[in-house]
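Hello,

My notes follow below the view.

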Amino acid sequence: MANLRFSAPRSIKAKYAVAFSALVTFFLILSMSVQVTLQRGELRREIDISSLSYALLARKPICEAYEIYYNSGYYKFREIMLDHMKMNPDLLHVSVIDVNGWQLFDSYELNEGFESFRREQRRAVEDSEVLKRVRSLDSSKRVVRASDGAEMLEIVAPYVEEWGHHKYSVKYLFSYASLQSKINSLFLQAALYSLAAIIAAVLLAYYLSSKITKPLVELSGMSQDIARGNYGRTIFISTGDEVEGLAKSFNKMSTDLARNIGELEESRQKLIRANEELKQLDRLKSDILANVSHELRTPLTTIRGYTESMADGLLGVITTEQEKGLRVMERSLNRLSSTIGQLLEFSRLQSGKINLDMRTFDILLLARLILNNLREEFEMRQIYVDLDVAEDLPLVRADEEKIAQVIENLVTNSVKFTPPGGKIEVSAREGAEGVTVSIRDNGVGIPEKELPHIFDHFHQVDGTSTRKYGGLGLGLAIVKQLLDAHGIMIAVASKEGIGSQFSFTLPAEREQDVEAQLKHIPAT
Amino acid sequence: MNGKKIMVVDDEKDILDFFTIFLKQKNYEVVVASSGEEALIKAHLEKPNLIFLDIMMPKMDGWEVLKLLKLDEETARIPVAMLSARTEAKDKVRGLQEGAVDYICKPFSPRELLKKIEHIIGQQQPA
C-alpha cells in the first residue's frame, strides 16, 4: 500500500473521488476559516459588551459594599463579592483601587483568607498605565495576556459618588474562556460537517464515476471476450450519453467482425477441402501410374527374359533362322521398352511437380557413362561418337539423374536423325555463366518451320503414315520439361542437310562456392 | 551345380518360372518365394547366397521384406538386389540406403543379370 500513496490515481473512480474530496475540503476549509474569524469577532464583541455593562453596573454596588462592610462586616462583604463572582462566571478578578494607587480590595483575598491580606495591608499599584486609568473619570478596557498565554479583558471603571467625588475605581479581569469554548465547539461542528461533506463527496464521486466506468468495464470485458474468439457478442447500454454511442459502434463492429470471420472461416474450410481433394487426386495419379508401370513392364520382363535366353541358346539349340527372328524380337522389345519408358516418364512429369535433387557432379563422368550405355546402339548404326570435355572442367550443380536423362534423350534424338557413317559430338565448355553442354550431329537437320515446335509434346517432324522415323515425339518434350524445372534454357541451331546442335548451360560449382557452402555448415 | 544358391521373390509366377529355368541353366540352385512371409521363412532356412526381391507385392512389399531381412541376424548378411518396374531415381537411392546391393529395373536383360550375379556372388566371402 505504501507505493499507492505516491502514484497518481489510476481509476476514474479514484480520480473523481480525489478531485471531489479536494474541492470540498478546500471550500470547507475556506468557509470554516471565514466563519470562525467572523464568529470570533462577534463573540468577542459580545463578551466585551456584556463585561463592560456588568462592570459599569457592578461598580456602584461593589464600592458601596466596600465602604459599608469591608472594615466592619467583612464576611458580609465577602459574601456579596462571592455572589458577584458567581453571577458572572467570566469574571476572574476584581480589585478596588483608590485614586492614589492603593489597592483596597483584591478578589484573591476571597480565597487566601482575610487575615493574610490584611496583614499585608494595602498594596500599591505599580503599573503606571493602570494607575492612569484608575485616576481617569472614564472607564477603559484593554486586553491583557496571562502567563499561560490566555487572553483576558481588563476593565477599569471609576466610581463617582453622588456629589461627584471620585475616590475609587474598580478593576475587573474578564476571561475569554467562554469565547474559546464557543470557538472550539464551532470547530467541532465544522469538522463534523466537513467529514460528512467529504464522505458525501466521495460517495457522489463513486456513484457518478461508476456510471461511466461500469459500461466501460463491460465494454472492455466484451472486447476481451471477442479477442478470445467469441465473435459477434454485443453489449446493451442505455445511458443515453456518449458511452451509449460507443456501445452502439462497438456492437456494429462486433457483428461485422463475426460475419467477416465467419466468411473467412468458410473460405478456409473450402480451401482445406479442395487441398485435400487435390492431394488425394495426386496420390491416386501416383498409384495409377505405378500400377500401369507394373502392368506394362512385368509381361515385358518375361518376354525379354525368354527371348534373350533363347537367342543365346540357353533353352536349347536353335537354328540360324530362329536366332535371327529372336534378335529381331529383342530389338523390338527394346524399342517397346523405351517407348513405354518415355510415356511413363512423361506421364509422371505431367502429373506431379518436379522435385530437384541438387547435387554437385562431374559432367565428364556422367557423359561417359551415358555414352557407354549406348555403345551398342552406336555400333549397330555405325555412328561415330566423340566426347570432347576438358579435364579441368569445374563440377556442375544440378539434379544429376535428370541431366543424365536430358543428355541421353538428346543423344538418342541425334542418333535417330543421323544416317550411318554420321558423327555425334558431345562437348562441355566452361563459359562465363557456367558449363555449356552441347550435343551436335551432322544428320538430316530440322526444317526451319519446324524449329519452334520441336519441343512440343508428341511432335513429329514427319507425322504421316509413311513415317521414316519412329518414336513418340516425347524425347525432346521431356528434355525441355526437365531443364525448365532447373530454370535452364535449351538452345537449338539446325540447318537441313547439315546437322543440328542442342546446347544448355549448367551452373558451375567453383571452389569458392564449395568453400562458401562449407562455411554454412553448422558446427556440430 | 556350382554350389551357389539364389532366391527369387516375386508375386508373379511367370517371373519365378523364368528365373528358375534361366538360373538352373547356368547351374545355380534356385529357391522361389511368392510372398514376403514365404521369403523370410525360406531365407532363414535356406540361407541363399543372393536374393532377388520384387518391390511391388501385395500384403508385404519389398521394402518391408528388406528391412526384416536386415534385422534378422541370420539373414542380414545375404546380399539383396531389388527388382522393380519403378525406374525413379529416388527408389534406386532408397534401395541402396536401406541395404540393398543393387537395384534392377524391369524388364532387364538376362545377360546383364548374369554379369551382375557373378559380380555380387563372386565378391562374397566364404561363410
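To follow the angle given below, you need one definition: axes are lines fitted to C-alpha atoms, for helices over the stretch in contact, and angles run from 0 to 180 degrees between N-to-C directions. Please also keep in mind that this is a predicted model.

Let's begin with helix 10 of chain A, residues 363-373, which lies across strand 8, strand 10, strand 11 (435-441) and strand 13 (499-506) of that chain. Relative to strand 8 of chain A, helix 10 runs at about 170°.

Those strands belong to an open sheet of five in chain A, with the order 8-10-11-13-12 and mixed pairing. Strand 8 (384-389) and strand 12 (490-495) of chain A each have a single partner strand and stand at the edges, so one side of each has no neighbour in the sheet. From one strand to the next, the twist averages 10°.

Which strand does strand 8 of chain A pair with in the parallel sense? The partner is strand 10 of chain A (residues 423-430), and six bridges join the two.

Now for chain B. Five helices and five strands make up its elements, and from the N terminus on they run β-α-β-α-β-α-β-α-β-α. Of the 127 residues in chain B, 47% are buried. Among contacts in chain B with a separation of 6 or more, 62% are between residues 24 or more positions apart. Chain B exposes about 6,300 Å², with carbon and sulfur atoms supplying 50% of that area.

Enjoy exploring!

Best wishes

Note on methods. Residues are numbered from 1 along each chain as its sequence is written. Chains are lettered from A and ligands numbered from 1 in the order in which they are written. This is a predicted model: local features need pLDDT of at least 70, side-chain atom pairs count only at pLDDT 80 or more; totals for chains, interfaces and linings use all residues. Side-chain values use heavy atoms; hydrogens and water are left out. Helices (H or I, at least four residues) and strands (E, at least two) are DSSP runs, numbered from the N terminus. Buried means under 20% relative accessible area, exposed over 50%, partly exposed in between (1.4 Å probe, protein chains only). Contact means heavy atoms within 4.5 Å. Accessible areas come from the Shrake-Rupley method with a 1.4 Å probe; for residues, only the protein chains shown count as cover. Two strands pair if DSSP finds at least two bridges between them.
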